[in-house]
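Work through the exercises below with the sequence and the 3D structure open. Try each task before reading its solution.

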Amino acid sequence: MKKTLVGIAALGYFGACVLLVAGLGVLWHRSDPAPGQPIAFPHTVHAGQLQMPCTYCHTFVEKSRSAGAPPLEICMGCHRSIATDRGEIRKLTRYFEEKRPVEWKRVYALPDFIYFSHKRHVKAGVACSMCHGDVAGMKRVRRVNELIMGWCVSCHRVRGASRDCATCHK
Amino acid sequence: MKRRDFLWLLGVISGSTVMSACGSPNRSAKFTSYLLPPEEGVVPGEAGYHPSTCTECPAGCGVLARVREGQPVKLEGIPGHPVNDGGLCIRGQSSLYRLYHPERLRGPMARDGVKLRPISWEDAFSRVAGSLKASREKGRKDLFLSGRTTGSLSRLADATCAKLGIERLSEYEVYSHAAEKEANGLLFGERDLPHYRIEEADFLLTVGADLLETYVTPVAYTRKISSARARGDFLWYHVEPHMSLTGADADRRFAIGPGRERHLLSFLLREVLDRKTPKTPLPGELLAALPRTTAKGVSGETGIPQESLKEIADRLAAAKRPLVIAGGVGTANTGGLETASSAALLQWVTGAIPERVDFARSENYRAVGTLRDMEDLSARMGRGEAGVVFLFRTNPVFSLPPRLAFKENLKKALLTVGMGDFLDETVRGADLILPLSHSLESWGDVEPRRGIVSLLQPVLPPLHDTLSDGDALLGLLGKASGKRLAGGYRDLLAAAWEKRLGEGGRRRLFEKGYVEETLPKKAVSLDGKRAASAFRGAGPAEAAGKPVLVLAPSLRTFDGRSRILPILSEIPDPLTTITYGPWISVSEETATRSLLRDRDEVTVTSADWKAVLPVKVQPGLAGGTFVVHRDALPAPPVGTDPRTGGPLDTIEGVAIARTGKRIEIPILSGSFSQQGRGLIPDPVHLDEERRHERWTLYPEHEHKEYRWAMAVDLDRCNGCAACVAACHVENNVPVAGSADHLKGREMSWLRIEPFYEKGEVAFLPMLCQQCHYAPCESVCPVFAAHHNPEGLNVQVYARCVGTRYCSNNCPYKVRRFNWRQHPWPEPTDRMRNPDAPARDVGVMEKCTFCLQRIRAAKDKAKDEGRKVRDGEFTTACAQSCPTGAIVFGNLLDKESRVYRLAHSERAYRVFETLGTEPSVHYLRGRKP
Amino acid sequence: MGNAGKYDKVDRDILAAMGKPGRLYLAGLAVTASLVVLGGILWAYQIRNGLGVAGYTHPVNWAIYITNFVFWVGIAHSGTLISAVLFLFRAKYRTSFNRAAEAMTVFALMVAGLFPLIHLGRSWVFYYLLPYPTQRHLWVNFRSPLIWDVFAVSTYFTVSVVFFYVGMLPDFAAAKQRVEGIRKKIFSVLSLGWKGTDREWRHYGMLYLFLAAFATPLVASVHSVVSWDFAMSIVPGWHTTIFAPYFVAGAILSGTAMVITLVVPLRKSLSLREYITDDHFESIAKILLFTSLIVTYAYIVEFGLASYGENVFEREAFRYRALGEFRYLTWAMLFCNSLVPLTLFSRRLRRNTTYLLVVSLLVNVGMWLERFVIIVTSLAHDFDPYVWGTYRPTYVEVGISLGSFGMFFMLYLLFVKNLPVLSISEIKEHL
Amino acid sequence: MAGPMVFEEKGKFLERLRGLVQEGVPVERIRVITPFGVPEVEEILPGKRSKVRFFALVGAASGTVTGFAFTILTTLSWPLIVGGKPIVSIPPFLIIAFALTILFGALSTFAGFLLLSRLPSLRGIRSGEEYGNAFVILVEEGERR
């Protein structure tokens with residue numbers, strides 16, 4: 001008799017826990033870690049096979065808080081002549097000719113109340129791959145790190161960077 | 001060649017604003033590749049600064065627009081600008097709210113029947129053209145009425161009117177300064193306002209002219225006065241019927257019976273003439289015309305005690321470089337012309353002209369007409385002479401007295417074209433509404449003062465379907481005259497600048513945002529005969545002892561034009577700390593006599609007019625004098641001065657009666673007395689030991705590189721509240737609204753606390769004191785409030801759970817709690833500074849010395865491998881302060897200004913006995 | 001009749017309470033329950049629209065919610081006091097109150113625990129207040145009195161629950177033999193198979209002694225900590241060293257009052273006259289009187305220090321409290337807490353339960369007012385005169401407060417019908 | 001002589017108990033069941049004093065240690081200055097330590113009690129044998145011990 005009671009209690013308890021976790025999972029919204037992009041740009045080719053440095057396209061990463069997406073002119077610099085017949089390149093040229101900016105889907109986004117500067121991190125010798133992973137090996141860019149506070153802090157801890165809240169919290 | 005690189009320049013400026021929009025890290029989930037790489041110097045995610053000019057009032061201060069993600073998010077005065085030299089007033093700071101105002105006109109509209117229907121610009125113009133033709137056939141006269149315009153726009157308006165056979169009426173301004181202009185016209189043949197070189201005077205007597213608030217070019221005069229004060233030998237007396245910030249800031253203030261200024265000034269004139277003969281003696285007939293006065297009589301008339309009269313006279317006579325300025329409410333009465341003329345004569349005999357009274361650099365008010373002109377206009381329209389009437393950036397329906405029946409007569413016109421940015425009282429009634437762009441969306445220039453060209457340039461593409469002032473006129477011209485101009489107003493300007501300023505000048509205009517031409521001094525001569533006429537047939541003697549209502553200009557809304565900006569109702573009026581709603585100021589004497597308390601409802605009645613207002617008891621006001629701000633009264637019952645044609649802003653013989661009801665208005669101050677707590681000690685206690693040493697059992701925490709601190713010089717602060725507005729805009733401080741204010745839930749991070757003592761008022765700007773031993777921090781259970789290595793009390797909004805213990809434990813009560821989610825109605829959300837965080841409901845917020853600015857400065861310094869230099873950057877409040885009362889810097893740097901000030905003899909800190917060790921040091925000496 | 005009969009009668013009498021509920025009881029249950037629902041709805045409304053729906057103003061950041069928190073924690077006090085302290089003092093009359101008092105403690109703490117959450121600006125992140133390892137690497141600020149609260153109150157709750165349960169252990173065993181059906185089953189489980197062997201009784205005695213020993217300092221500490229929420233701040237009118245003893249005394253005063261409020265009707269409705277006698281009430285009344293005197297002394301000290309001290313802030317705070325716009329509340333408080341209890345010097349009144357009931361109700365009101373004026377008036381007029389303000393509660397706050405009372409009495413009604421309201425074993429022991 | 005001796009009267013029960021002890025029945029073979037704690041039983045059947053005390057001591061001590069360790073280590077793990085107070089400020093930590101002392105003490109005492117008095121016992125919960133308000137003496141057979 002007591003067994004059944006205990007059983008019921010235990011069942012109820014664990015059931016509740018499971019529900020709670022599930023609920024949290026649903027509530028904690030996470031964006032798609034590898035969204036499809038308007039143009040399927042293969043980092044594998046450019047950063048991988050061609051060994052182009054990140055800064056060739058992401059020109060502002062050393063100058064500004066945001067790395068900046070490459071202006072289409074840079075793409076066209078090569079693709080006026082190279083591989084012009086491929087579908088994706090056609091898309092690109094169409095964008096360029098129609099003078100439409102390309103609106104890429106964000107892979108990494110920070111909350112509004114956080115100040116983050118690519119410049120500072122790059123100048124401090126943090127390699128792009130430390131946060132963005134081996135992009136050169138990704139056909140479609142995938143988010144390898146969730147940008148949660150603990151993740152930032154642990155690195156700041158290790159590298160002895162500032163842990164004053166005001167460094168990152170606006 | 002020249003032309004091309006000019007256009008290239010334009011490209012840079014307009015282009016860059018668009019380009020700096022790319023890669024906005026936080027704003028959107030999008031991440032954009034633009035077509036062309038942004039030009040050098042403009043980097044995504046970083047701010048750009050673009051010079052332009054403030055158009056919130058006629059003063060024309062130069063502003064730098066701070067642009068992020070292609071949106072201007074902050075305006076700051078241009079350092080070195082001949083008008084405001086870096087300072088910017090409360091209205092200028094707030095004017096971004098005009099640009100982003102949700103109620104702005106979004107496109108041209110035409111009236112069919114009663115309601116307005118949107119139409120295209122093309123149709124709008126052709127409708128105007130059509131009506132112009134029609135009115136010509138009918139033999140009607142087409143009229144163009146505008147507010148004060150200067151520079152190229154003024155010329156374009158003239159040209160347009162000339163070409164289309166439209167009569168351009170003299171411009172309409174509520175503050176037309178008619179009396180001064182009339183007087184200067186009669187005396188010197190210069191019907192304009194001179195520019196006063198106050199900085200060169202050693203004694204200043206101002207009569208009615210509220211230099212610090214609205215008088216012609218307040219920021220300029222504020223700066224001049226503080227620079228004169230900095231010299232040390234400067235003394236300033238102010239005479240006024242009401243109580244104004246200007247009076248409060250003057251070294252001595254005398255309350256005078258409204259409309260009695262002329263007696264005072266003619267007395268002073270006599271005195272000065274008796275004591276020392278001027279270099280060039282006054283012509284006989286003029287001397288004869290001057291009224292004879294006795295100290296006793298004048299004292300009786302003005303209510304100023306004889307010894308005070310004598311003191312003023314002595315000072316004036318003794319001064320080496322005296323300057324007398326009469327204006328504002330001081331000349332807006334029946335004696336106005338005489339007052340102004342006496343003042344001008346005093347300037348003449350004391351040799352202030354042309355040294356300190358500069359007619360060469362006059363304030364460009366020639367084209368501005370008077371109230372009488374408006375009477376004529378209204379009459380003409382009433383007679384049905386008017387064809388098409390253009391109302392260009394002016395709101396007479398609001399500000400004209402009802403007796404003119406302007407609104408009614410306007411209806412008799414064939415077509416009324418309202419050109420403005422809001423559905424204000426005038427535009428609302430128009431048949432055709434042409435929306436004009438904000439100056440930050442338009443090309444143009446203004447000439448606020450002779451010889452100063454100040455640039456207007458677009459820092460963002462128009463938010464709505466609007467045209468710039470110039471392009472709107474050109475559009476009209478093109479449509480009506482049949483031949484359209486190639487290019488737009490921009491090309492016209494280009495040519496004009498090319499012609500006027502030449503190559504170098506034009507480049508400077510773009511670099512600095514202004515060009516100052518060198519003008520020769522202008523010597524004027526006194527015409528005795530005409531001058532004498534100014535004194536003959538003076539207005540009737542004022543009714544003695546009757547209560548008088550003074551319509552005062554408002555610091556917050558000028559003549560009422562800025563009352564549409566929500567933030568200006570949010571920021572309290574410095575003297576009364578009232579935020580929302582109109583009120584009538586009553587002297588303490590009257591209040592005690594007729595048992596009036598704050599918020600009591602009263603009815604104010606004059607011969608032909610009545611108003612119901614809540615009472616605010618105003619210390620320092622002369623008995624029997626009531627004050628209402630101009631913006632509080634639509635269609636006020638002002639008369640016309642028969643001699644100057646100017647308005648009579650003092651209404652004689654009003655009656656005031658208590659209704660027994662109360663009107664709840666938000667008076668933010670809980671007590672206008674210091675309650676003996678020495679927030680503003682006088683004299684400042686100077687015992688070093690108490691101030692700089694502290695005895696504690698705990699080990700001290702010290703700061704490594706920086707310790708940010710602030711010094712506020714209360715002797716310089718005049719309570720103008722520009723800093724408050726700047727703080728609001730810089731830090732996205734929300735507009736709480738009157739409902740919350742009535743509950744006592746204002747959100748402002750920085751406030752001006754007025755404290756009265758025997759009619760004298762002192763202002764204390766109160767913001768987070770960034771205490772070294774902060775009581776707020778230790779009580780926060782989650783470390784949301786904590787001390788950072790640079791001496792800031794950081795508030796981590798994302799961590800705050802909202803126990804509000806920190807606010808309880810803050811002796812200065814400078815923390816603000818988000819009682820609800822504050823809305824940012826589109827498009828106001830675009831003016832939010834992306835570098836400052838957005839605060840959520842249920843979170844405590846406060847000043848952090850503009851953390852984002854500190855961060856930016858340190859970032860820059862780090863790139864250049866150095867420490868942040870003193871004065872390299874400053875907080876928003878300090879930046880905007882026209883008197884430079886606020887100084888911000890690093891306390892660890894012994895060379896820094898803030899260090900020097902913090903250790904000056906005049907320095908003290910509020911509630912020092914609490915041992916909180918604030919980082920905000922106040923400086924306070926004694927008034928001379 | 002013989003001994004056994006005697007004991008059986010005790011069982012019968014006390015367990016009789018668990019009989020079929022009457023109309024009055026059900027009505028009471030309905031009323032209290034609906035109050036709880038009302039409170040819940042209002043809280044949801046407040047969470048949705050922000051704390052603006054409450055009457056807070058800028059200077060007055062704490063008001064009725066914190067008042068309720070302190071009030072309920074105070075109520076919780078005499079529970080443990082009567083059980084533990086009187087147990088240590090071997091006060092026999094404790095037997096007739098301890099169960100009721102302990103239950104009161106537990107329920108009052110349940111209610112009190114809610115208010116810090118209700119009062120939070122962002123209730124949904126309340127877990128920031130709990131010291132648990134997070135991915136943020138960030139802990140809580142142990143220097144903040146609010147964290148002390150978290151620890152003190154949760155400890156107090158746990159210990160009180162254990163104390164309450166342990167006290168009932170033998171009674172469950174006794175009760176399970178007298179009831180039928182599901183109740184029997186539940187009681188059997190709750191009794192943990194208690195038989196009453198000599199071994200069990202020996203350890204039990206020791207356990208109870210130690211729990212009492214632990215609980216007694218806890219009583220003092222918890223309300224001291226609560227008082228430090230105020231005393232640790234620098235707000236004039238809060239920043240006082242006497243706060244800890246002052247609040248503890250106040251807590252016991254209000255708690256004792258609440259015990260009387262609860263037990264008088266209890267005794268009447270369940271006809272437990274012979275177990276809860278007038279002598280018992282007299283003794284409790286004495287405690288009430290005594291603590292009321294302490295509290296009065298504290299009032300005198302407070303105002304005395306303020307008026308003699310040279311501190312302008314302190315002086316203004318107390319001038320405002322005594323003569324400001326909340327003066328009527330202050331005066332009412334003084335009347336209820338200081339004057340009314342003085343009548344208990346008369347033996348006749350001490351033994352008159354109806355009169356005691358009235359007094360206890362007044363004291364409850366008075367103690368609630370005390371917390372209110374301390375919190376609100378001190379905040380309304382603190383250092384900077386510019387920000388002086390006032391406070392008016394809204395229907396939301398009032399509703400939620402009513403809800404809290406509803407919750408407390410609902411729980412109590414349930415307790416009365418489902419658990420032995422007196423300590424059976426102890427009563428037998430003392431027969 | 002197996003089987004329980006059941007008494008209605010507390011007095012009679014105590015008499016018999018004394019009797020048994022005088023007859024020389026080994027104390028450890030006598031088990032009594034009473035409806036409430038009877039102090040006299042303690043005197044008649046002198047057993048060791050309850051070990052619950054030690055649980056109390058250990059629990060309380062561990063509470064104090066945990067309290068200080070927890071507060072000090074966590075504040076050191078991310079040192080944030082508040083109110084100019086030192087990172088490790090003992091006085092406030094004392095309060096946490098105190099609370100934990102009581103908490104751990106109380107809980108471990110309770111645990112100790114359950115452990116020592118073999119509770120909860122399934123048999124006890126299920127058992128039919130119920131003596132109500134009677135006083136019972138059980139004497140077990142020697143061999144079984």
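**Exercise 1. The largest cavity**

Which residues lie nearest the centre of the largest cavity, and how many residues line it?

Solution. Two notes on the model come before the steps. This is a predicted model, in which local features need pLDDT of at least 70 and side-chain atom pairs count only at pLDDT 80 or more, while totals for chains, interfaces and linings use all residues. Residues are numbered from 1 along each chain as its sequence is written, chains are lettered from A and ligands numbered from 1 in the order in which they are written, and side-chain values use heavy atoms, with hydrogens and water left out.

Step 1. A volume is the space filled by probe spheres set on the points, which are joined across faces, edges and corners.

Step 2. The structure has 19 cavities of 30 Å³ or more, and the largest cavity holds about 210 Å³ of space.

Step 3. The lining of the largest cavity has 22 residues, and B:Y175, B:H177, B:G328, B:A332 and B:D649 lie nearest its centre.

Step 4. Helix 6 (residues 178–188) of chain B gives the largest share of this lining, 3 residues. Helices (H or I, at least four residues) and strands (E, at least two) are DSSP runs, numbered from the N terminus.

**Exercise 2. A sheet in chain B**

State the order of the 7 strands in the open sheet of chain B, then describe strand 25 of chain B.

Solution. Step 1. The order is 28-21-25-22-24-23-29, and the pairing is mixed. Strand 28 (650–651) and strand 29 (655–662) of chain B are the edge strands, each pairing on one side only. Two strands pair if DSSP finds at least two bridges between them.

Step 1. Strand 29 of chain B is joined to strand 23 (residues 600–606) of chain B by 5 bridges in the antiparallel sense, with B:V602 opposite B:R658.

Step 2. Take the neighbours of strand 25 of chain B. Strand 21 (residues 548–552) of chain B runs parallel to strand 25 of chain B, with 5 bridges between them. Strand 22 (residues 584–587) of chain B pairs with strand 25 of chain B in the antiparallel sense over 2 bridges.

Step 3. Find the partners of B:F626. B:L549 has B:F626 as its bridge partner, and B:V586 stands opposite B:F626.

Step 4. Strand 25 (residues 625–629) of chain B has 5 of its 5 residues buried, so it is largely enclosed by the rest of the structure. Buried means under 20% relative accessible area, exposed over 50%, and partly exposed in between (1.4 Å probe, protein chains only). B:T625, B:V627 and B:H629 point one way, B:F626 and B:V628 the other way.

**Exercise 3. Salt bridges**

Solution. Step 1. Count over all chains: a search of the whole structure finds 96 salt bridges. A salt bridge is a side-chain nitrogen of Lys or Arg within 4 Å of a carboxyl oxygen of Asp or Glu.

Step 1. B:D863 and A:K119 meet at 2.6 Å, N to O. B:D863 lies in helix 28 of chain B and A:K119 in helix 6 (residues 118–123) of chain A, so the pair joins two chains. B:D863 is partly exposed at 30%, whereas A:K119 is buried at 6% relative accessibility.

Step 2. B:K479 and B:E122 form a salt bridge, with the closest N and O atoms 2.7 Å apart. B:K479 is in helix 18 (residues 469–481) of chain B and B:E122 in helix 4 (residues 121–138) of chain B, 357 residues apart.

Step 3. B:D192 and B:R450 form a salt bridge, with the closest N and O atoms 3.9 Å apart. Both lie in loops of chain B, so the pair ties together parts that are 258 residues apart in sequence. B:D192 is buried, at 0%, and B:R450 is partly exposed, at 23%.

Step 4. One network, joined by salt bridges that share partners, contains A:K119, A:R120, A:K123, B:D859 and B:D863.

Terms used: On a 1 Å grid over the protein atoms alone, a cavity is a set of points where a 1.4 Å probe fits but cannot get out, and a pocket is an open set with protein on both sides within 12 Å along at least five of seven lines; lining residues have an atom within 4 Å of a point.
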